Amino acid sequence: MNIVLLGAPGAGKGTQAQRLVAEYGLAHISTGDLLRAAVKAQSKLGKEAKGYMDAGRLVPDKLVINLVKERLQEDDAKRGFILDGFPRNSQQAVVLDSELKDMGIDLDVALLVDVRPEVIINRLSSRRTCRECGYTAQAGVDACPRCGGEMYQRDDDKPETIAQRLETYGNKTAPLVEYYAGHGILKQVDGDRDVNEVYADVKSLLGL
Ligand code: AP5
């Protein structure tokens, strides 16, 4: 199964993806995680991307698209994937369609995790992320429950950057909901509920 996860920053895309990956072994392709790894490694890409990420703006398409194209070629992605944070604008969506067509692969579902902005601001302000594996949890957890790594607050989870990320989402990414509705593959889950309830609905919507 090949899935695109849509939703505002902090909607719970990563949280739901982590569960699907653990239960069904799909490849989790998170452009945010890939970019943060590049920043941590201080690679050329990471150095170029960091300023955009810290400002809550989209990293230029040419950087992100190459990253995703390469990741889609890896063996685990051929067994099914969850794209989390990509595509983020119409140009990325069109390139993805074309790339998957060339690979002979179809997208099965674009799943929108829908959460109100006021809930999102609270969630992101108190989110902590594992430095080693990217696992997320709410503040108060010092060690990662998955790998024991240090939990830290992402630079872009500060209030002023959260506001910019939400604006970027509204302007650039939200129109993709219509794009995928037009392709007949859009499904939607109410993400403003207990994580387990959301996950049960996600599985049901995906027919799992
Ligand atoms: P990215 O890392 O993709 O960030 P995002 O889309 O803003 O998404 P988040 O990771 O913040 O949120 P999420 O929906 O995964 O929520 P989570 O599950 O963690 O991107 C970061 C930056 O990289 C971008 O701003 C951009 O600069 C760049 N970038 C990335 N992709 C790009 C692209 N394609 N093109 C250009 N630039 C790109 O949950 C949030 C919190 O809520 C957690 O603490 C979690 O524990 C909690 N939570 C989750 N679900 C629930 C629930 N049901 N109830 C209560 N709490 C919950």
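Me: What makes β1 and strand β3 count as paired, and in which sense do they pair?
Reply: In this predicted model, β1 and strand β3 (residues 81–84) are joined over four bridges in the parallel sense. Pairing asks for at least two bridges between two strands, so β1 and β3 qualify with four.

Me: Which residue of β3 stands opposite V4?
Reply: V4 faces L83 in β3.

Me: How do you know that β1 and strand β4 pair?
Reply: β1 and β4 (residues 109–114) share four bridges in the parallel sense. The requirement is at least two bridges, so this counts as a pair as well. Here V4 stands opposite A110.

Me: Why are I3 and L5 put on one side of β1 and N2, V4 and L6 on the other?
Reply: Because side chains in a regular strand alternate between the two faces of the sheet. In β1, N2, V4 and L6 belong to one side and I3 and L5 to the other, and all of these are buried.

Me: What makes strand β1 mostly covered?
Reply: Of the five residues in β1 (residues 2–6), five are buried.

Me: Why is Q92 called buried?
Reply: The relative accessible area of Q92 is 2%. Buried means under 20%, so Q92 is buried. Q92 sits in helix α5 (residues 90–103). Leaving out residues up to four places away in sequence, Q92 has contacts with D61, V64, I65, F86 and P87.

Me: What does the record say about Q92?
Reply: In an unreviewed entry, UniProt lists Q92 under "binding site", in a set that includes T31, R36, R57, F86, P87 and R165. The listed residues span 135 residues of sequence and are also spread in space, with up to 24.5 Å between C-alpha atoms. From this set, F86 is part of the lining of the largest cavity.

Me: Which class does R127 fall into, buried or exposed, and why?
Reply: R127 has a relative accessible area of 13%. That is under the 20% limit, so R127 is buried. R127 is located in strand β5. Residues up to four places away in sequence aside, R127 touches T136, A137, Q138, Y152, Q153, R154, D157 and R165.

Me: Why is R193 called partly exposed?
Reply: The relative accessible area of R193 is 27%. Buried requires under 20% and exposed over 50%, so a value of 27% makes R193 partly exposed. R193 lies in the loop between β8 (186–190) and α9 (195–206). With residues up to four places away in sequence not counted, R193 touches V198 and D201.

Me: Which UniProt annotation covers R127 and R193?
Reply: Both come under "binding site" in an unreviewed entry, which also covers G10, A11, G12, K13, G14 and T15.

Me: What is the volume of the second largest pocket, and how many residues line this pocket?
Reply: The volume is about 490 Å³, and the lining has 18 residues. R36, A37, V39, K40 and Y152 lie nearest the centre of the pocket.

Me: Which element gives the most to the lining of the second largest pocket?
Reply: α2 does, with five residues. α2 (31–40), α3 (44–54) and β5 (127–130) each supply at least two.

Me: How do the lining residues of the second largest pocket divide by type?
Reply: Ten are charged, six nonpolar and two polar. Arg and Lys count as charged, so R36 and K40, which are among the residues nearest the centre, belong to the charged group.

Key: Residues numbered from 1 in each chain as written. Predicted model: local features only at pLDDT ≥ 70, side-chain atom pairs only at ≥ 80, totals over all residues. Heavy atoms only, no water. Buried < 20%, exposed > 50% of the residue type's maximum accessible area, 1.4 Å probe, protein only. 1 Å grid on protein atoms, 1.4 Å probe; cavity = no way out; pocket = protein on both sides within 12 Å on 5 of 7 lines; lining within 4 Å. Points joined across faces, edges and corners; volume = space filled by probe spheres on them. UniProt positions renumbered as here; feature names shortened; annotations may be inferred. Contact = heavy atoms within 4.5 Å.
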